[in-house]
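Subject: The structure we talked about

Hi,

Here is the structure I promised to pass on. Have a look at it, and below I'll tell you what turned up.

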Amino acid sequence: MSFTPTAAVRLLALVAVLTVISIAPASAVSTSTYEKQVVQATNSYRAAQGKVAVKLQKCVDRWANGQATWMAKHKSLAHRNGRLLKIMKDCHLTGASENIAWNYSTGRKAVAAWAASPGHATNMRASSMRYIGVGVARASNGEVYVAQVFGTRK
């Protein structure tokens, strides 16, 4: 079988695209999609536990984004001392909690991991929590850091 130069270039381009698609990391999901998956999966988990859905809240979300960005910048999966009190003050909350995760390829997988961890699951199903914020950031090496922050007002 013979190829014209144009057909050969097209075939090479197709092979290149298929190669990139097949080796692209699962973390190639956009941060926006990842965040939506976390909120949806969290609310599905809460519903299965008989809890009301949490709503995305701008102030809490801003803090979650800040935490994820900080972790990605420092390549460190870590809670930072005093942050929950600052979140409560800044967002006028009476309670707050935080779950963090590292390098899960989708938001659904991060939530599944939290659901399998007693302390994280407790945060997700807390009856008093009404608000959620989710931050996702990629480190320079492509690793994904995620922060899930919950808040409540009484």
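Searching the whole structure, which is a predicted model, turns up one disulfide. It joins cysteine 59 to cysteine 91, with an S to S distance of 2.0 Å. The two cysteines come from distant parts of the chain, 32 residues apart: cysteine 59 sits in helix α3 (residues 58-74) and cysteine 91 in helix α4 (residues 83-91). The link is left-handed, with -85° about the S-S bond. If you want to find these cysteines, look inside, as cysteine 59 and cysteine 91 are both buried.

Next, a pair of helices. Helix α5 (residues 107-115) packs with helix α6 (residues 118-125) at an angle of about 110°, and their axes are 6 Å apart. An angle of 65 to 115 degrees counts as roughly perpendicular, and α5 and α6 are therefore described that way. On the α5 side the contact is made by Val111, Trp114 and Ala115, which meet His120, Ala121 and Met124 of α6. Sorted by class, five residues of this contact are nonpolar, one is polar and none is charged.

Finally, a closer look at α6. Which residues of α6 are buried? They are Ala121, Asn123 and Met124. Viewed down the axis of α6, these buried residues fall within an arc of 155°, so they line one face of the helix. As for their surroundings, the buried residues of α6 pack against α5, α2 (31-48) and the strands β2 (95-102) and β4 (144-152).

Happy exploring, and write back with any questions!

Best wishes

How values were computed
Residues numbered from 1 in each chain as written. Predicted model: local features only at pLDDT ≥ 70, side-chain atom pairs only at ≥ 80, totals over all residues. Heavy atoms only, no water. Disulfide = S-S within 2.5 Å. Helix = DSSP H or I, 4+ residues; strand = E, 2+ residues; numbered from the N terminus. Buried < 20%, exposed > 50% of the residue type's maximum accessible area, 1.4 Å probe, protein only. Axes fitted to C-alpha atoms, helices over the stretch in contact; angles between N-to-C directions. Parallel < 35°, antiparallel > 145°, perpendicular 65-115°, else oblique. Contact = heavy atoms within 4.5 Å. Nonpolar A, V, L, I, M, F, W, Y, C, P; charged D, E, K, R; others polar. Arc of directions from axis to C-beta.
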